[in-house]
Amino acid sequence: MSKKYRLISSVTCPWVQRSVILLRAKNIDFEVTHINLREKPDWFLEISPHGKVPVLLVDDQPLFESNAISEFLDEMIEPQLHPEDPIKRARNRAWNDFIRDFANAINGINYSKSKEDMENGLAEAPKAVARLERALAEERGNDGPFFNGDQLCVVDTAYAPFLQRFSIVEGILRTGLLKEFPLVQAWSDALLANPTVTGAVADNFPAEFQANLKRRETYAWSLLEAAQAAE
Ligand SMILES: N[C@@H](CCC(=O)N[C@@H](CS)C(=O)NCC(=O)O)C(=O)O
């Protein structure tokens, strides 16, 4: 009998979206339960050791940490999206892990609180993006558009949510961060045009994400608010 999957989610969480993209890429039926992270229900705290989403309930057995969830899904359910070759697979897993550095770099810009804060974020971020640019060149040569070539893979599912958020913020801040990184820019464009990725969030995602920028009192929100006031 096939298993039942229920994803515990919060609307703008990029780590949840990583799981959603992978579930969609594998055509797995799943239910979503949204929780309010500012008022976490007791039942959630019982099943999430660090109180974070995503949690994936597999026939009521909870899995936590988006990376572990990805590995579980890729192990259990066809089609396998990690490369077959063990060396390539290990390298993909390492790049999957690098998402934490990349997320920190991008979040340093996305959630900066002032112009100065943003400039500091922008001074740091190229280190992580440059590593990724090199990885894209090395892992897939000239092929694309995804991390390993023409098939969406597990690594893609980790980076797409952060590239998507950065593209929204970039529309406001216009940092030009990706100008020097054409492979990352092309990868981002391909991911953000892919229906498995775009369908992983609700149509009102940009508005939800902007509300998040507002809640966090970000520099991006202050610019957006000023532009809206000037209209
Ligand atoms: N390392 C975790 C990170 C998940 C995470 O940070 N989730 C955030 C929402 S985007 C969360 O649940 N935060 C609640 C909290 O920290 O109290 C993963 O990959 O699953």
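The structure is a predicted model, so local features are kept only at pLDDT of at least 70 and side-chain atom pairs only at pLDDT 80 or more, while totals for chains, interfaces and linings use all residues. Residue numbers start from 1 along each chain as its sequence is written, and side-chain values rest on heavy atoms, with hydrogens and water left out.

Helices and strands here are DSSP runs numbered from the N terminus (H or I, at least four residues, for helices; E, at least two, for strands). Take helix α1 (residues 14-25) and helix α3 (residues 66-76): their axes come within 9 Å and cross at roughly 10°. Axes are lines fitted to C-alpha atoms, for helices over the stretch in contact, with angles running from 0 to 180 degrees between N-to-C directions. That makes α1 and α3 roughly parallel to each other, given that angles under 35 degrees count as roughly parallel, over 145 as roughly antiparallel, 65 to 115 as roughly perpendicular and the rest as oblique. On the α1 side, the contact (heavy atoms within 4.5 Å) is made by W15, R18, S19, L22 and L23, and on the α3 side by S66, N67, I69, S70 and L73. These residues split into 5 nonpolar, 4 polar and 1 charged. In this scheme Ala, Val, Leu, Ile, Met, Phe, Trp, Tyr, Cys and Pro are nonpolar, Asp, Glu, Lys and Arg are charged, and the others, Gly among them, are polar.

Helix α6 (residues 115-140) meets helix α8 (residues 182-192) with axes that come within 8 Å and cross at roughly 80°, so α6 and α8 are roughly perpendicular to each other. From α6 come V129, L132, E133, L136, A137 and R140, and from α8 come P182, L183, V184 and W187. The contact of α6 with α8 has 8 nonpolar, no polar and 2 charged residues.

On to the rings. Phe, Tyr and Trp (its six-membered ring) pair if the ring centres lie within 6.5 Å, with planes under 30 degrees apart called stacked, over 60 edge-to-face and the rest tilted. The count by this rule is 8 aromatic pairs. F147 and W187 form a tilted one, 5.8 Å centre to centre with 50° between the planes. This pair links distant parts of the chain, as F147 lies in the loop between α6 and α7 (154-173) and W187 in helix α8, 40 residues apart. F147 is buried, at 0% relative accessible area, and W187 is buried at 0% too; the cut-offs are under 20% for buried and over 50% for exposed, with partly exposed in between (1.4 Å probe, protein chains only). Y159 and W187 also make a tilted pair, at 5.3 Å centre to centre and 45° between the planes. Here Y159 of helix α7 is joined to W187 of helix α8, 28 residues apart. Y159 counts as buried, again at 0%. Ring pairs link F102, F147, Y159 and W187 into a cluster.

Charges sit over rings as well (NZ of Lys or CZ of Arg within 6 Å of the ring centre and within 35 degrees of the ring normal). R216 has its charged end over the ring of Y111, 3.7 Å from the centre, and R6 has its own over the ring of W43, 5.9 Å from the centre.

Finally, V32 belongs to strand β2 (residues 31-34) and is partly exposed, with a relative accessible area of 41%. Leaving out residues up to four places away in sequence, V32 touches L7 and S9.
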